[in-house]
Structure formats: C-alpha cells, structure tokens
Amino acid sequence: MSRFQEEIQKMKQRREQTIKQIAVFVEAEAKLRAPVDTGHLRRSITHQTENSETQSKAYIGTNVEYAPYVEFGVASKNIKPQPYLRPAIEENKDKIKEIIEKGMNVQ
C-alpha cells in the first residue's frame, strides 16, 4: 500500500469515528429533550451509522409509532408539537461542527 493510500485509509477511519461521535452526541441530546410520560419514547431513541468509500451517514431516531406525533404534533387533534430530535441537531450545530473539525483534524 502506498503512502497516499495509507493516508486515505486513515482519513476514512477518522471520518467513520467522527460520524459515530456525532451520532452518540445527537442521540444523547435527543434523549435529554424527549418529553417523558412512561419513558418509552426516550428509551427507544437510538442511532445507526453507515459508511461507504466516499461518505458516512448517521441515522438517529426511534421506531416508536407515535414519535412523529410527538415531534410534529397533530393539528386536527389539537396535539401540540414537542420537538426533541430536530432541536438536538439545530441547537447543537456549533458543537457538531467542533466534533467534525477535531475528528478530521481540520484547523
């Protein structure tokens, strides 16, 4: 393996580790913001990462069927939104950027 290929591999590993750190962070933030009645919604929030040669993705969410109604509300039933996932990202953009810069060694 050439030095160039080694460096590309190292960068890919940093990218994969960085996306995991972001996913764990956003999951924790969503759990802090999730409204609690029984705690089922909060406990169900999880993350998954997906990596390819050119990109890394993080999926944070829940498979609880009522989760979208909590996040977005239901106007026809007068259920007000109680967003927890979107604010976990939106209110932490600077921290997420910091994780990326540190993880990818960007100055």
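## Basis of the model

The structure is a predicted model, in which local features need pLDDT of at least 70 and side-chain atom pairs count only at pLDDT 80 or more, while totals for chains, interfaces and linings use all residues. Residues are numbered from 1 along each chain as its sequence is written, and side-chain values use heavy atoms, with hydrogens and water left out.

Side chains of opposite charge can pair when their charged atoms come close. A salt bridge here is a side-chain nitrogen of Lys or Arg within 4 Å of a carboxyl oxygen of Asp or Glu. The structure holds 10 salt bridges. One of them joins K10 and E7, with 3.5 Å from N to O. Both residues belong to helix α1, which covers residues 3-33, and they stand 3 residues apart, about one turn of the helix. Helices (H or I, at least four residues) and strands (E, at least two) are DSSP runs, numbered from the N terminus.

How accessible are the two partners? K10 is partly exposed, with a relative accessible area of 39%. E7 is also partly exposed, at 31% relative accessibility. The cut-offs are these: buried means under 20% relative accessible area, exposed over 50%, and partly exposed in between (1.4 Å probe, protein chains only). R3, E7 and K10 are linked in a network of salt bridges.

## Salt bridges of R33

R33 has a salt bridge with E29, and the closest N and O atoms are 2.5 Å apart. E29 and R33 both lie in helix α1, 4 residues apart, about one turn of the helix. E29 counts as buried because its relative accessibility is 15%, whereas R33 is partly exposed at 25%.

R33 also forms a salt bridge with E91, at 3.0 Å from N to O. This pair links distant parts of the chain: R33 is in helix α1, and E91 is in the loop between α4 (85-90) and α5 (93-103), 58 residues apart. E91 counts as exposed, at 55% relative accessibility.

## The nonpolar core

In soluble globular proteins, nonpolar side chains tend to be buried together. A nonpolar core is a set of buried Ala, Val, Leu, Ile, Met, Phe, Trp, Tyr and Cys residues joined through side-chain atoms within 4.5 Å. The largest core in this model has 14 residues, and V26, L41 and Y84 have the most contacts inside it. Helices α1, α3 (67-72) and α5 each supply at least two residues of this core. The largest share, 4 residues, comes from α1.

Which residues does V26 touch, not counting residues up to four places away in sequence? They are I60, A88, I89 and I96. Contact means heavy atoms within 4.5 Å.

## Helices α1 and α5

Two packed helices are described by the angle between their axes and the distance between the axes. The axes of α1 and α5 come within 9 Å and cross at roughly 155°. Axes are lines fitted to C-alpha atoms, for helices over the stretch in contact, and angles run from 0 to 180 degrees between N-to-C directions. The two helices are therefore roughly antiparallel to each other; angles under 35 degrees count as roughly parallel, over 145 as roughly antiparallel, 65 to 115 as roughly perpendicular and the rest as oblique.

On the α1 side, R14, T18, Q21, I22, F25 and V26 meet K95, I96, I99, I100 and G103 in α5. T18 is buried, with a relative accessible area of 4%. Leaving out residues up to four places away in sequence, T18 touches I99, I100, G103 and M104.

## Two further buried residues

S44 is found in helix α2, residues 40-44. S44 is buried, with a relative accessible area of 15%. Apart from neighbours within four places in sequence, S44 is in contact with G61, T62 and V64.

A67 has its place in helix α3. A67 is buried as well, with a relative accessible area of 5%. Neighbours within four places in sequence aside, A67 is in contact with L41, T62 and Y84. The C-alpha atoms of A67 and Q82 are separated by 9.9 Å, and these two residues are 15 residues apart along the chain.
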